[in-house]
Amino acid sequence: MWDEPALVFVSFFAFVLGVTKILSDNWTRRKLIEARVSDEVIRTLFRKENDPELFAALKWGIVLAALGLGVIASRQLHASFDEPLAWGVVLVFGGAGLLAYYAIARAILRRDAAAAPQRHRTTLDEHV
């Protein structure tokens, strides 16, 4: 599917994009510090509300574990993967993993929303 030049190009592009984001964020922080903006405003601007990387790792961890359990369950049923039963069991477990992820992620979001119901949002103009 991926030939080597395409993989190198995509990897290089992702690397350049990541480095550009890091440098841009650091430049912005430095300019805000030079403008004597309070630490609270800087933390508010650069705070990650809900880390999407955390949720992606959680999702794929749960789904892959569920698929592994589905393979084990299909083996316990003595079904080979030439039969639809084995694939059905694996897919049912994968779907259950996605539903479990949804419930866990929703609970995390609700907990975070309850922990900070009314965050004081300040604008940059108030502190300059």
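Reader: What should I know before I start?

Author: The model is predicted, so local features need pLDDT of at least 70, side-chain atom pairs count only at pLDDT 80 or more, and totals for chains, interfaces and linings use all residues. Residues are numbered from 1 along each chain as its sequence is written, and side-chain values use heavy atoms, with hydrogens and water left out.

Reader: Where is serine 74 found?

Author: Helices are DSSP runs of H or I, at least four residues long, numbered from the N terminus. Serine 74 is found in helix H3, residues 52–76.

Reader: Is serine 74 buried or exposed?

Author: Buried means under 20% relative accessible area, exposed over 50%, and partly exposed in between (1.4 Å probe, protein chains only). Serine 74 has 0% relative accessibility, so it counts as buried.

Reader: Which residues does serine 74 touch?

Author: Contact means heavy atoms within 4.5 Å. Not counting residues up to four places away in sequence, serine 74 touches Ala79, Phe81, Ala86, Val89 and Val90.

Reader: Where does alanine 79 lie?

Author: Alanine 79 lies in the loop between H3 and helix H4 (84–115). Alanine 79 is buried too, at 2% relative accessible area. Set aside its neighbours within four places in sequence, and alanine 79 contacts Ser74, Leu85 and Ala86.

Reader: Which residues make the nonpolar surface patch?

Author: Patch residues have over 30% relative accessible area and no salt bridge; nonpolar side chains (Val, Leu, Ile, Met, Phe, Trp, Tyr) are joined within 5 Å, like charges within 9 Å. Areas come from the Shrake-Rupley method with a 1.4 Å probe; for residues, only the protein chains shown count as cover. Here Phe12, Phe15, Val16, Val19 and Leu23 make a patch of about 490 Å². Phenylalanine 15 lies in helix H1, residues 4–34. Its relative accessibility is 55%, so phenylalanine 15 counts as exposed.

Reader: How many salt bridges does the structure hold?

Author: Side chains of opposite charge can pair when their charged atoms come close. A salt bridge is a side-chain nitrogen of Lys or Arg within 4 Å of a carboxyl oxygen of Asp or Glu. The structure holds 2. Aspartate 25 pairs with lysine 21, with the closest N and O atoms 2.8 Å apart. Both lie in helix H1, 4 residues apart, about one turn of the helix. Lysine 21 is exposed, at 52% relative accessibility.

Reader: What does glutamate 34 form a salt bridge with?

Author: Glutamate 34 bridges to lysine 31, and the closest N and O atoms are 3.8 Å apart. Lysine 31 is partly exposed, at 39% relative accessibility.

Methods. Helices (H or I, at least four residues) and strands (E, at least two) are DSSP runs, numbered from the N terminus.
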